[in-house]
Amino acid sequence: GLSKGAIYHHFKSKEAILIEVYHQLSVVIEAQMTSIRDDKTLSGLEKVQKMFMSSLSNMHHRELLAATPNLLKNPRLLAIQMESTILDVVPNYIEPVIQEGVADGSILTNHPRELGQVLVLLSNIWMNPLIYPMTEEDVYSRISFFNELTHSMGLTILSDDLEEKLRDIQKKTEDLHGNEK
């Protein structure tokens, strides 16, 4: 209900608005990831799976999707996402869960940090239709490759439900931004 003038009184640009929205949504997402990470009833693998499902099922992500421009055309926003992924998400959420999975035997790797980095970078960057616009065929191919890669490490991360959510995100991105491939 604010005028453009009122909004731009508080924010210098559309990018500044989006950065603030991203920050506010990240607080909610971090609380969800903390809850999963600290759940003593789940194995490390189950936590990784639940984190992926939570991330893709999150309504806040859909809100952000609707507001976010193509990130390849907005390097500052892409850098913010990558920085958050590498400096916050992996060390605070993914890596501890993978280390727990190694300890409980549900994840087999000699490189928990590197595995966490690769999983998050592939899923948040390479499989993100806001960074790499994709056709439906591209989505299927990337999901297939991601599953093949993770299965070779003894991980099953992308269930049928998660695959469907990825396809849904791709379709919504294509509807919102057009296929810019």
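# A tour of the helices and their contacts

Start by selecting Phe52, which is buried at a relative accessible area of 11%. You are looking at a predicted model.

**Aromatic pairs**

The model holds 2 aromatic pairs. Phe52 belongs to one of them, with Phe146 as its partner. Show both rings. Their centres are 6.2 Å apart, with 45 degrees between the planes, and the pair is tilted. Phe52 sits in helix α3 (residues 44-57) and Phe146 in helix α7 (residues 136-152), so the contact ties together parts that are 94 residues apart in sequence. Is Phe146 buried or exposed? Phe146 is buried, with a relative accessible area of 0%.

Now select Trp126 and Phe145. Their ring centres lie 5.8 Å apart and their planes stand at 70 degrees, so this pair is edge-to-face. Trp126 is in helix α6 (residues 112-126) and Phe145 is in helix α7, 19 residues apart. Colour by accessibility here. Trp126 is partly exposed at 23%, and Phe145 is partly exposed at 41%.

**Salt bridges**

Side chains of opposite charge can pair when their charged atoms come close. How many salt bridges does the whole structure have? The search finds 3.

Select Lys47 and Glu100. Their side chains meet in a salt bridge of 2.8 Å, N to O. Lys47 lies in helix α3 and Glu100 in helix α5, so the bridge ties together parts 53 residues apart in sequence. Lys47 is buried, with a relative accessible area of 1%. Glu100 is partly exposed at 29%.

Go next to Glu95 and Arg113. This salt bridge spans 3.6 Å, N to O. Glu95 counts as buried at 11% relative accessibility, while Arg113 is partly exposed at 45%.

Then pick Arg37 and Asp38. Their closest N and O atoms are 2.9 Å apart, in a salt bridge. Arg37 is partly exposed at 22%, and Asp38 is partly exposed at 41%.

**Helix α2**

Select residues 14-37, which make up helix α2. The helix has 24 residues. From first C-alpha to last it reaches 34 Å, close to the 34 Å expected at 1.5 Å a residue. Show its buried side chains, among them Leu18, Leu25, Ile29 and Met33. Ser26 is buried in α2 too.

**A surface patch**

Finish with Met82, Ile86 and Leu87. Together they form a nonpolar patch on the surface, with about 270 Å² of accessible area. Met82 lies in helix α5 (residues 75-104). It counts as partly exposed, at 32% relative accessibility.

Methods. Residues numbered from 1 in each chain as written. Predicted model: local features only at pLDDT ≥ 70, side-chain atom pairs only at ≥ 80, totals over all residues. Heavy atoms only, no water. Phe/Tyr/Trp six-rings, centres within 6.5 Å; stacked < 30°, edge-to-face > 60°. Helix = DSSP H or I, 4+ residues; strand = E, 2+ residues; numbered from the N terminus. Buried < 20%, exposed > 50% of the residue type's maximum accessible area, 1.4 Å probe, protein only. Expected span 1.5 Å × (residues − 1). Patch = residues over 30% accessible without salt bridge, like charges linked within 9 Å, V, L, I, M, F, W, Y side chains within 5 Å. Areas by Shrake-Rupley, 256 points an atom, 1.4 Å probe, with all protein chains shown as cover. Salt bridge = Lys/Arg side-chain N within 4 Å of Asp/Glu carboxyl O.
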